[in-house]
Amino acid sequence: MNNILITGGTGLLGSEIVRQLLVQGKQVSILSSQIEPKVASGVRVFHGNLVTGEGLTGALKEATTVIHCASNPRGFQDTDIIGTKNLLKAVDFRQAPHLVYISIAGVGKTAYPYYVAKERVEELIHESGVPYTILRTTQFYQFVYNLINTALADGNDEVIIPNGMSFQPVDLSEVAAKLISIASDTPALLLPEFAGPEIMTYENMFTRYLGIFNITRNWKTGPITNPRFDLFRSGVNIFPEHAHGKITWENFLQKHARQA
Ligand SMILES: NC(=O)c1ccc[n+]([C@@H]2O[C@H](COP(=O)([O-])OP(=O)(O)OC[C@H]3O[C@@H](n4cnc5c(N)ncnc54)[C@H](OP(=O)(O)O)[C@@H]3O)[C@@H](O)[C@H]2O)c1
């Protein structure tokens, strides 16, 4: 694994992969649609856009491994589906790289549109003939953390949070480490799910957040309807038999509280 290209290398997961690869002394390139993305020194930036196809051939030219993290849940038809088609079109199959794709645990079990798009991307990769490995993980802790921050940001005296949701989130540093180890291995098609160590209700996660950040707010749960909340009520994101992560919600919150 010499020349590694990370799509979405400026994102939450991608930037952690970049950070870990740099610590390991690896050469890292990223693809970014931004004109001047903020990256650590030593990272080679290929300017390009998955949706238009601009810059993809050049970015892929020397890559022996591609970790494909770029995504846009609000524009998945373009970024994820057309973007992946364009990425695959730009591969030189005489020297195709190992393509590592990050997908979501629960894909294939729900009609939730973003998950259906991720499944389509998996199929596109499979049908393309590129050597690949797909890892499906549960939500990152940051996802639930952001959900809670959004709920608390609403200025009402009493916060109402959606009832009935459960998560088995995972720390993205463990996901990044797993993807790096997969990338240096031989292509393995679709791997078993990678989930966090604990299954928690949203209420429990919310309560622990308030406790660790010393926040006093009146709150209660309510049957708020929203397709995304229904997704996390359905249980498709729960994988007790694949609880591979070690870092807990408590560990994650303590770390953020120290940094706050
Ligand atoms: N967040 C979760 O809980 C979770 C859980 C399981 C799996 N995943 C998967 O993990 C992956 C990364 O998620 P994330 O939360 O780290 O994403 P993120 O922070 O939103 O980052 C998305 C990245 O996509 C890139 N991108 C968007 N449009 C692009 C375009 N047109 N051309 C090139 N690059 C483009 C952006 O790069 P530039 O702005 O530099 O172009 C950005 O770095 C996604 O595939 C997601 O489905 C996420």
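The structure, a predicted model, holds 1 cavity of 30 Å³ or more. A cavity is a set of points, on a 1 Å grid over the protein atoms alone, where a 1.4 Å probe fits but cannot get out. Grid points are joined across faces, edges and corners, and a volume is the space filled by probe spheres set on the points. Ala, Val, Leu, Ile, Met, Phe, Trp, Tyr, Cys and Pro count as nonpolar, Asp, Glu, Lys and Arg as charged, and the others, Gly among them, as polar.

Local features need pLDDT of at least 70 and side-chain atom pairs pLDDT 80 or more, while totals for chains, interfaces and linings use all residues of this predicted model. Residues are numbered from 1 along each chain as its sequence is written, and side-chain values use heavy atoms, with hydrogens and water left out.

The largest pocket holds about 970 Å³ of space. A pocket is an open set of points with protein on both sides within 12 Å along at least five of seven lines. Its lining comprises 28 residues, with S71, P73, Y114, F140 and F143 nearest the centre. Two or more lining residues come from each of helix 1 (12–23), strand 5 (98–104), helix 4 (113–128), helix 5 (141–153) and helix 8 (227–233). Helices (H or I, at least four residues) and strands (E, at least two) are DSSP runs numbered from the N terminus. The lining has 14 nonpolar, 11 polar and 3 charged residues.

Around the ligand are 25 residues, each with a heavy atom within 4 Å. T10, S32, S33, Y114 and K118 are the closest. This shell divides into 11 nonpolar, 13 polar and 1 charged. Strand 5 gives the largest share, 3 residues. Helix 1 and helix 4 each supply at least two.

Polar contacts (N or O atom pairs within 3.5 Å) were also computed. A ligand oxygen lies 2.8 Å from a polar backbone atom of L12. An oxygen atom of the ligand is 3.4 Å from a polar backbone atom of G8. A ligand nitrogen lies 2.9 Å from a side-chain N or O atom of N49. The protein covers 83% of the 900 Å² of accessible area that the ligand has on its own (Shrake-Rupley method, 1.4 Å probe).

Conventions:
1 Å grid on protein atoms, 1.4 Å probe; cavity = no way out; pocket = protein on both sides within 12 Å on 5 of 7 lines; lining within 4 Å. Polar contact = N/O pair within 3.5 Å; in protein donor to acceptor, adjacent residues only side chain to side chain.
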